[in-house]
Amino acid sequence: MNRCPEVGDIILQAFIARRQLLRESGSFTGIRVIGSRYSHDTFRIRDFLARNRSLFTFLDLESHPEVGELLGRFGLSVQDTPVVAWGKQVVLRNPSNREIAEALGIRRPLEQTVYDLAIVGAGPGGLAASVYGASEGLSTVVLERTAPGGQAGTSMRIENYLGFPTGITGGDLAERAIVQANKFGAILSVATPVVSLTFDNAYSVLALESGESIVAKCLLIATGAEYRRLDVDGCARFEGSGVYYAATPNEVQLCQGAEVVIVGGGNAAGQAAVYLSRHARRVYLLIRGNDLYKSMSAYLAHRIEQTPNIEVLLNTTVRRMSGDGRLASVEIVNSETGETRTLETPAVFSFIGATPHTDWLPVEIERDEKRFVRTGPAMAQSAHWTARRQPFLLETSRPGVFAAGDVRSGSVKRVASAVGEGAMAVQFVHEYLKEK
Ligand SMILES: Cc1cc2nc3c(=O)[nH]c(=O)nc-3n(C[C@H](O)[C@H](O)[C@H](O)COP(=O)(O)OP(=O)(O)OC[C@H]3O[C@@H](n4cnc5c(N)ncnc54)[C@H](O)[C@@H]3O)c2cc1C
C-alpha cells in the first residue's frame, strides 16, 4: 500500500468505510461474548475487545433467555462462560487477553531481528513515534500491553487537541493513528506486555511476558501512567464489578438510570462526570480538596456546575464499599465536618493520582522520587551515562534509550504533549543512529 499510494488509498478508504457501515448498521453481530454482567472475566473480555475497537455483541446471561440454547449449540453450558464466539470457527472458553488477540490477529508474530526502534506502549506518545519512525524508514516495532490509545483511548471526548474543535473520542483518535502506523509499516502487537529490559552491548533487549525477546538499536519508553487503585475498605473485591477506572460505553451499560460515584478532581474525573450524567440518573463527584477549579480545566469545571444532575461533594472521600457479590453502596465522609453518608450505587469510577508504568525498568534507567523516568542533559551526571556527548533532550541515563509522554519526569500530562514528544524522540533516534 505504501509502494503504490494511489491503490493504497482506495483500499484504505474502502476498509474504513466498510467498518463504519458495519458499526452504524446496528444489526452487525461480529464477535459474541456470552457471560454474566457481574463476572470479572466477562468484564475483562468486554473491556479488552472494546478498547481494541473490535465490533462485538454482548449476550448477558442475566437478561438474554436465548443464551442457554446458544451455548448448547456450541456444546457448552453456563459453567463454561464467559465464552467468546466468532461464527462457529472460533469458540473460546474464558480466554486470556492474549488468546483473544491471537485469534483476532492483533497480536503480531515478532521477528527475531534487530529493529532500529522498539517502542514500549502504544498510547498517543508511542503511536506518534511509530508513525514518524516507520514513515521515515526505521524498522519499528510497538509493543502494547492492553490496547492502543492508552489513557487517551478511554476518553469519551478530548476537546483540547489541536484540529478537533468539536472534540474527538480517544478511541477514534487511536483508531486513526493505528491505521496510519500500519500504513507506514510499523509492527504493532497488542496483548504483548514487556516485563523487563536488559542490555547486550549497545542494544536493548526486551523480555516479553510470553517468554520471547525483542532486540533493538534504540528504545522508546512510552508506557505512560495509570490511575492509582482506591485505598478503601472493600475496593479490591469490586474491581470490574462495581469499581472502574474508565467511563466508556462499556461501563455505561452497567449504570443506566442509576446513581453513580466519581472520585477525583482532575480533567479525567470531570470528563467522566459530564459523560455519565447523560446516562446515569445522578452523578456524585467526590473531591478531596475544597475547590473544583484547582486541578480541573475551567471549561470543564464550568460545564459541571451547569449540569443539574451532577452533585459536587467537596472535602469528601470514600470510606467503605459494600455489597453482596457486586457493589451496592459506598460510605462517604466529609473531612471538614466528619459527617458520613451512605450512597446506594452500582458503580464507583476512580480517577486519582497517576503512577507511572516503570516497574519493568532496570537501575540503569534513572527515575525520580515518584518513579517517573528522568531525561535530558542532566543525565550526563548519571553513573550510568556512558557516552562522551551530552544526552539529547528526551534521552534517559542510558544512551539510545528515550522516554516520551506521561512516563517522563516533568512531562505535561496531555495528549498533545505526548504526541509531540513521541515525534521528537524519533528525531533523536536518527541522530543516535547516525552517530553509531
Ligand atoms: C479519562 C481520561 C481523559 C483524558 N482527557 C484528556 C484530554 O481531554 N486532553 C488531554 O490533553 N489529555 C487528556 N488525558 C491525558 C492523556 O490521555 C495522557 O496525557 C496521554 O494519554 C499520555 O499518553 P502516553 O502515550 O504518554 O501514555 P498512555 O496514554 O498512558 O499510554 C501508555 C501505554 O503503555 C502501555 N503499557 C504500559 N506498560 C506497558 C508494558 N510493560 N508493556 C507494554 N505496554 C505497556 C499501556 O497499556 C498504555 O496503552 C486524559 C486521560 C484520561 C485517563
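The residues lining the largest cavity of this predicted model divide into four nonpolar, one polar and four charged, where Ala, Val, Leu, Ile, Met, Phe, Trp, Tyr, Cys and Pro count as nonpolar, Asp, Glu, Lys and Arg as charged, and the others, Gly among them, as polar. This lining is made up of Met156, Arg157, Glu159, Gln271, Val274, Tyr275, Arg278, Leu300 and Arg303; the elements that give two or more residues to the lining are helix H8 (267-276) and helix H9 (298-305), and H8 provides the largest share, three residues. Helices (H or I, at least four residues) and strands (E, at least two) are DSSP runs, numbered from the N terminus. The space in the largest cavity is about 90 Å³.

A cavity is a set of points, on a 1 Å grid over the protein atoms alone, where a 1.4 Å probe fits but cannot get out, and lining residues have an atom within 4 Å of a point. Grid points are joined across faces, edges and corners, and a volume is the space filled by probe spheres set on the points. By this rule, two cavities of 30 Å³ or more are counted.

The second largest cavity holds about 50 Å³ of space, and its lining divides into nine nonpolar, no polar and no charged residues, namely Ile31, Leu49, Val84, Trp86, Val90, Leu92, Ile100, Ala103 and Leu104. At least two lining residues each come from strand E3 (83-86), strand E4 (90-93) and helix H4 (97-104), with H4 giving the largest share, three residues.

Residues are numbered from 1 along each chain as its sequence is written, and side-chain values use heavy atoms, with hydrogens and water left out. In this predicted model, local features need pLDDT of at least 70 and side-chain atom pairs count only at pLDDT 80 or more, whereas totals for chains, interfaces and linings use all residues.

Key. 1 Å grid on protein atoms, 1.4 Å probe; cavity = no way out; pocket = protein on both sides within 12 Å on 5 of 7 lines; lining within 4 Å.
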